[in-house]
Amino acid sequence: MPRPPRAIDCDLHPAVTGFAALAPYLEPYWRDSVEDRGMEVLETASYPPNAPITARADWRPKGGRAGATLAQLQTEALDRFGADIGILNCLFPVQLPFSEDMSAAFSRALNDWVRAEWLDRDSRLRASIVLPMHSPEHAVAEIERLAPDRRFVQAMILAMGEIPAGRRAFWPVYAALERHSLPLAIHAGSAYRHPVTSIGWPSWYLEDYVAHQQGFQSTLASLVTEGVFTKFPGLKVVLLESGVTWLPAFLWRLTKTWKGVRFEVPWVDRSPAEIVRDHVRLTVQPFDAPEDPDTVRRLLDHLRSDELLLWASDWPHWQFDGDAIAPPGLPADLLPKIMVDNPLATYARLREEGVSS
Amino acid sequence: MAARYVVAPVAEIPPGGRKVVEAGAGRRIVVFNLEGEFFALLDRCPHQGGRLSGGKLCGLVESDEPGVFHYDRKGEILRCPWHQWEFDIRTGKSRHDPNRTRTRAFPAHVESGAALTQEGPYVLETFPVRVEEDYVVVEA
């Protein structure tokens, strides 16, 4: 029997420094196409390179890029925080191109890069399959291509895509995920097809950052009301970098309103709050709560479950300093559950390895 | 022991109709005729006290798959006029939380005027009971 893991880090972000790094993994047509077009890198407004939150100061190497090498990941996060398993969620924005084919080609290259440059080089690592979600056909093909590699333990989309994530056009994707025991990870971020707020483009980074909570809420409401969890009862969803504190109030509103319009969505045949508690998990960085334990305790009461939270360092994003890996105010006795039990309960592919707590 | 209230001549509540009666001090009950079957509910939504008697009667829509609407039991589901919570007029149970959220249901049935004049005790409404007519009786 393998010994129980000390911790499972559910949100790590290896950085692609540019298309030069991906070039060996791009198919020849796309490699030349990127070169012909003079494309060097893709950046989104979500993570401006010099924004403090994009990388912790002590994780920004002189002359290099935060999060860019396995050695950085090992010394700064895995070894330092004692994680026996770390899940890579690469945010290189393959979701940006409007061309479905280009987006899919970049996704394939990115996932192969993750596999060769990271998974193959440290046995502690697992990863998300980054999905080219603008085309459900491409997304399904990418799942089918990579699912046989059991180190891919989930698949990842961004909170804000082209259309709401619950729509039936995406159901072949969810069917494939359920079939392969892969949770759907939804990471903060946008393909920037629409303003990140529903009232138009914001002026400031602060507005953009805070608005992602609305994106998560709308995406979650879409998944519930369209009946994704009714249709795919085995599907789990993991919200990454979503924050946590908004969830209880959102569920109150969603559930209260559902009581009066249930007949419009009769497949939502029980409380939406229960559905979400059964299917959805959230990582704890950023935690976005005040730091006093009493407030955090009340928040945990409102969540009405100690199974919802998954530990993550969010490396190399700057969510905490030093070794303060647990959000302030979180009860110490909850940590083993968040760091080991809950991730194991969420990720079938970790359980099948014989990892147990 | 529930009292028995003679609430109306049958002809006064036609199929699909309803009548609100007072049964006991300040207690309002709404009586429905569902194609000749009578049902009685406390006229008070357990949510915030809305008068259920002012609500719309609908069918029950259920679904075992998104996009599929099974619609039947037309006229048996009462929607509270305040927040549209659904109640089954047969049981008083809400659809969204049937075990914990419900309004009280009372047995209702039809008795002949002949029987009513011979048996008792009854709490009579303010109308005469004739042996040749039938009446709605609620046990509440």
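**Entry 1: a residue to start with**

I began at D288(A), which counts as partly exposed because it has 16 C-beta neighbours inside 10 Å. The cut-offs I used are these: a residue is buried if 20 or more other C-beta atoms lie within 10 Å of its own, exposed if 12 or fewer, and partly exposed in between, with C-beta atoms placed from the backbone. D288(A) is not a glycine, yet its phi is positive, about 55 degrees. I found D288(A) in the loop between β7 and α11 of chain A. Helices and strands here are DSSP runs numbered from the N terminus (helices: H or I, at least four residues; strands: E, at least two).

A reminder to myself: most residues other than glycine have a negative phi, and most peptide bonds are trans.

**Entry 2: ground rules**

This is a predicted model, in which local features need pLDDT of at least 70 and side-chain atom pairs count only at pLDDT 80 or more, while totals for chains, interfaces and linings use all residues. Residues are numbered from 1 along each chain as its sequence is written, and chains are lettered from A and ligands numbered from 1 in the order in which they are written.

**Entry 3: chain A as a whole**

I looked up the elements of chain A and got 13 helices and 8 strands. Its C-alpha atoms fill a box of roughly 55 × 50 × 40 Å along the principal axes.

Of the 357 residues in chain A, 45% are buried. I also checked contacts (two residues whose C-beta atoms, placed from the backbone, lie within 7 Å). Among those in chain A with a separation of 6 or more, 81% are between residues 24 or more positions apart.

**Entry 4: the sheet of chain A**

In what order do the strands of the open sheet in chain A stand? I read β1-β2-β3-β4-β5-β6-β7-β8, with parallel pairing. β1 (8-12) and β8 (309-310) of chain A are at the edges with a single partner strand each, so one side of each has no neighbour in the sheet. Two strands count as paired if DSSP finds at least two bridges between them.

I then walked through part of the sheet. Strand β2 (residues 85-88) of chain A runs parallel to β3(A), joined by 3 bridges; here G86(A) has L125(A) as its bridge partner. Strand β3 (residues 125-130) of chain A is joined to β4(A) by 4 bridges, again parallel. In this pairing A127(A) partners F152(A), S128(A) stands opposite Q154(A), and I129(A) stands opposite A155(A). Next, β4(A) and β5(A) pair in the parallel sense over 5 bridges, with I157(A) opposite I186(A).

Are these strands covered or open? For β3(A), 6 of its 6 residues are buried, and for β4(A), 9 of its 9 residues are. I noted too that β3(A), α5(A) and β4(A) make a right-handed β-α-β unit. Right-handed applies if, with the strands pointing away from the viewer, the path from the first strand over the helix to the second runs clockwise.

**Entry 5: one helix, one face**

Helix α6 (residues 171-179) of chain A has the buried residues V173(A), Y174(A), A176(A) and L177(A). Seen down the axis of α6(A), they fall within an arc of 160 degrees, so they line one face of the helix. The arc is that of the directions from the helix axis to the C-beta atoms. These buried residues pack against α5 (136-146), β4 (152-160), β5 (184-190) and α8 (228-231) of chain A. Just after α6(A), S181(A) takes a positive phi of about 55 degrees.

**Entry 6: cis peptide bonds**

I looked at Q285(A) and P286(A), which a cis peptide bond joins, with omega about -5 degrees. P286(A) is in the loop between β7 (280-283) and α11 (293-303) of chain A. W315(A) and P316(A) are also joined by a cis peptide bond, with omega about 0 degrees; P316(A) is in the loop between β8 and α12 (335-346) of chain A.

**Entry 7: chain B and the contact**

In chain B, 4 strands form an open antiparallel sheet in the order β2-β3-β4-β8. Strands β3 (residues 28-34) and β4 (residues 37-42) of chain B pair over 6 bridges, and I29(B) has L42(B) as its partner. In the loop between β3 and β4 of chain B I found E35(B), whose phi is positive, near 45 degrees. E35(B) counts as exposed because it has 9 C-beta neighbours inside 10 Å.

The contact takes 12 residues from chain B and 11 residues from chain A.
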